[in-house]
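Let us take a friendly walk through this structure together. Please keep the sequence and the 3D view side by side as you read.

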Amino acid sequence: MLAVAGGPEKVTLCEELGATGIDHTAADLFDAVIAHTDGHGADVAFDVVGGERTEQIWTCLSREGRYLPVGFNDDPQSGMTGRPLRKIAMANISVLGVILAYGELPTEFRRFGLNFFPAEVGREVHRALLELVAARAIRPVIGRRVQMAEVAEALRDHEQRRTTGRTVVVIERG
């Protein structure tokens, strides 16, 4: 498994978690992925950032590879910029939307592109994740904990990609 990260500290974390890390700030992403896959390309790209690197990631996929967008952090239009379908067709890849939002929406909302999973799916996924955490099959990576007064600074750090792992907001009960 390859994991793309920005900077040596983040690459080290990826490697500690069992992946081969690629530092996109120090190496050309296409060249690195193609080299690590002996020219094949990645079969699946799970993109938790999105935005400006999206189309570059597409070039790293194998023929009939899958692109799974789940993040739109650095896209000022929240992923609604549109992407050229011709590039997807020419690359012979597929895009599979992965937004695991839950809620009961009227059918009419699908007209606007909203087709969420029902709430019971959310509860089932949440239960399964908690079981995996309890069994130590997965573990959340917590980079830091902040107080409510530090949230604005923490969000700026996320925006500037100065974080590693999740930031947990500690809420004091009065």
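Which residue does R162 form a salt bridge with? The partner is D157, and the closest N and O atoms of the two are 2.6 Å apart. A salt bridge here is a side-chain nitrogen of Lys or Arg within 4 Å of a carboxyl oxygen of Asp or Glu. Before going on, a word on the model: it is predicted, local features need pLDDT of at least 70, side-chain atom pairs count only at pLDDT 80 or more, and totals for chains, interfaces and linings use all residues. Residues are numbered from 1 along each chain as its sequence is written, and side-chain values use heavy atoms, with hydrogens and water left out.

Let us step back to the whole protein. Its secondary structure comes to six helices and seven strands, where helices (H or I, at least four residues) and strands (E, at least two) are DSSP runs numbered from the N terminus. Along the sequence they follow the pattern β-α-β-α-β-α-β-α-β-α-β-α-β. The C-alpha atoms fill a box of roughly 55 × 45 × 35 Å, taken along the principal axes. Of the 174 residues, 25% count as buried. Buried means under 20% relative accessible area, exposed means over 50%, and partly exposed is in between (1.4 Å probe, protein chains only). The protein exposes about 12,600 Å², and carbon and sulfur atoms supply 55% of this area; accessible areas come from the Shrake-Rupley method with a 1.4 Å probe, and for residues only the protein chains shown count as cover.

Now back to the salt bridges, of which the count comes to four. Side chains of opposite charge can pair when their charged atoms come close. D157 also meets R144 in a salt bridge, at 2.9 Å from N to O. D157 lies in helix α6 and R144 in strand β6 (residues 142-147), so this pair ties together parts that are 13 residues apart in sequence. D157 is buried, because its relative accessibility is 10%. R144 is partly exposed at 27%, while R162 counts as exposed at 53%. Salt bridges that share partners join R144, D157 and R162 into one network. Elsewhere, R111 forms a salt bridge with E108, with the closest N and O atoms 2.5 Å apart. R111 is exposed, with a relative accessible area of 64%, and E108 is partly exposed at 43%.

Next, find H24, in the loop between β2 (20-23) and α2 (29-36). Why does H24 count as buried? The reason is its relative accessibility of 18%. Its side chain makes a polar contact with the side chain of R53, at 2.8 Å. A polar contact is a pair of N or O atoms within 3.5 Å; within protein, one must be able to donate a hydrogen and the other to accept it, and residues adjacent in sequence count only if both atoms are side-chain atoms. Leaving out residues up to four places away in sequence, H24 touches V4, A5, G6 and R53, where contact means heavy atoms within 4.5 Å.

How many aromatic pairs does a search of the whole structure find? The search finds one. The rings of W58 and Y67 have their centres 6.0 Å apart and their planes at 85 degrees, so the pair is edge-to-face. Rings of Phe, Tyr and Trp (its six-membered ring) pair if their centres lie within 6.5 Å; planes under 30 degrees apart count as stacked, over 60 as edge-to-face and the rest as tilted. W58 is buried at 5% relative accessible area, and Y67 is buried at 4%.

Finally, look at two loop residues. Most residues other than glycine have a negative phi, and most peptide bonds are trans. D38, in the loop between α2 and β3 (42-47), has a positive phi of about 50 degrees although it is not a glycine. D38 is exposed, with a relative accessible area of 76%. R161, in the loop between α6 (151-159) and β7, has a positive phi of about 60 degrees, and R161 is not a glycine either. R161 is partly exposed at 35%.
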